[in-house]
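I opened my notebook to go through one model from its core to its charged pairs. The sequence and structure come first, and my entries follow.

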Amino acid sequence: MADNAAFFALVRGYVQGVGFRYSALYEARGLGLCGYVKNEPDGSVAVYAEGEREALASFREWLEQGPCGARVDSVQAHSRSPCGYYSSFVIET
């Protein structure tokens, strides 16, 4: 747990209505991360993820591309301290 970290990111582009949240859920769970993904009213997708630094780096890279059908224009990610609130990765509404 000592090497755990977290980040919050806003993903912008054509990222809603293309399965982005479900693909992110699958990716994050596969990497053993906790947190959430959710659609924002402005058309972006918000992501909070925490876990091992290496897994977070892989997930952050994945966010740059997203799933097939998505077009990611930008990812604004900011480091956070892990909160430990989430026990798995979920889709929030």
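I began with terms. I call a residue buried under 20% relative accessible area, exposed over 50%, and partly exposed in between, with a 1.4 Å probe and protein chains only. Helices (H or I, at least four residues) and strands (E, at least two) are DSSP runs, numbered from the N terminus.

I also noted the ground rules. The model is predicted: local features need pLDDT of at least 70, side-chain atom pairs count only at pLDDT 80 or more, and totals for chains, interfaces and linings use all residues. Residues are numbered from 1 along each chain as its sequence is written, and side-chain values use heavy atoms, with hydrogens and water left out.

**Entry: helix α1**

Which residues of α1 are buried? I found F20, A24, L25 and A28. They cover an arc of only 135 degrees around the axis, which puts them on the same side of α1. The arc is taken from the directions from the helix axis to the C-beta atoms. On the other side of α1, I found Y22, Y26 and G30 exposed. An α-helix has 3.6 residues a turn, so residues three or four places apart point the same way.

I then looked up what covers the buried residues of α1. The cover includes β1, β2 (34-39), β3, α2, β4 and β5 (89-91). Contact here means heavy atoms within 4.5 Å. Just after α1, G32 has a positive phi of about 75 degrees.

**Entry: helix α2**

I checked the length of α2. At 1.5 Å a residue, its 13 residues should span 18 Å, and the end C-alpha atoms are 19 Å apart, which agrees. The expected span is 1.5 Å times one less than the number of residues.

Next came burial. A55, L56, F59, W62 and L63 are buried in α2. They fall within an arc of 120 degrees seen down the axis, so they line one face of the helix. The face turned away from this buried side carries the exposed residues E54, E61 and Q65. The buried residues of α2 pack against β1, α1, β3, β4 and β5. After α2 comes G66, with a positive phi near 70 degrees.

**Entry: the cores**

A nonpolar core is a set of buried Ala, Val, Leu, Ile, Met, Phe, Trp, Tyr and Cys residues joined through side-chain atoms within 4.5 Å. The largest one has 24 residues, of which F7, V11, F20, V47, F59, L63 and F89 touch the most other members. Two or more residues each come from β1 (4-14), α1 (20-30), β3 (45-52), α2 (53-65) and β4 (71-80). Which element gives the most to this core? α2 does, with five residues.

There is also a second, separate core of five residues, and A6, C34, Y48 and Y86 are among them. Leaving out residues up to four places away in sequence, the contacts of F7 include V47, L56, F59, L63 and A77.

**Entry: aromatic rings**

Rings of Phe, Tyr and Trp (its six-membered ring) pair if their centres lie within 6.5 Å; planes under 30 degrees apart count as stacked, over 60 as edge-to-face and the rest as tilted. I got eight aromatic pairs in the structure. Y36 and Y48 have ring centres 6.1 Å apart and planes at 25 degrees, so the pair is stacked. Y36 lies in strand β2 and Y48 in strand β3, so the pair ties together parts that are twelve residues apart in sequence. Y36 is buried at 13% relative accessible area, and Y48 is buried at 8%. Elsewhere in my list, ring pairs link F7, F20, F59, W62 and F89 into a cluster.

**Entry: salt bridges**

I counted a salt bridge when a side-chain nitrogen of Lys or Arg is within 4 Å of a carboxyl oxygen of Asp or Glu. How many salt bridges does the whole structure hold? The search finds five.

One joins D42 and R12, with the closest N and O atoms 3.1 Å apart. D42 lies in the loop between β2 and β3 and R12 in strand β1, so the pair ties together parts that are 30 residues apart in sequence. D42 is exposed at 52% relative accessible area, whereas R12 is partly exposed at 30%.

K38 and E40 form another, with 4.0 Å between the closest N and O atoms. K38 is partly exposed at 24%, and E40 is partly exposed at 22%. The side chains of R71 and D73 also meet in a salt bridge, 2.9 Å from N to O. R71 is partly exposed, at 47%.
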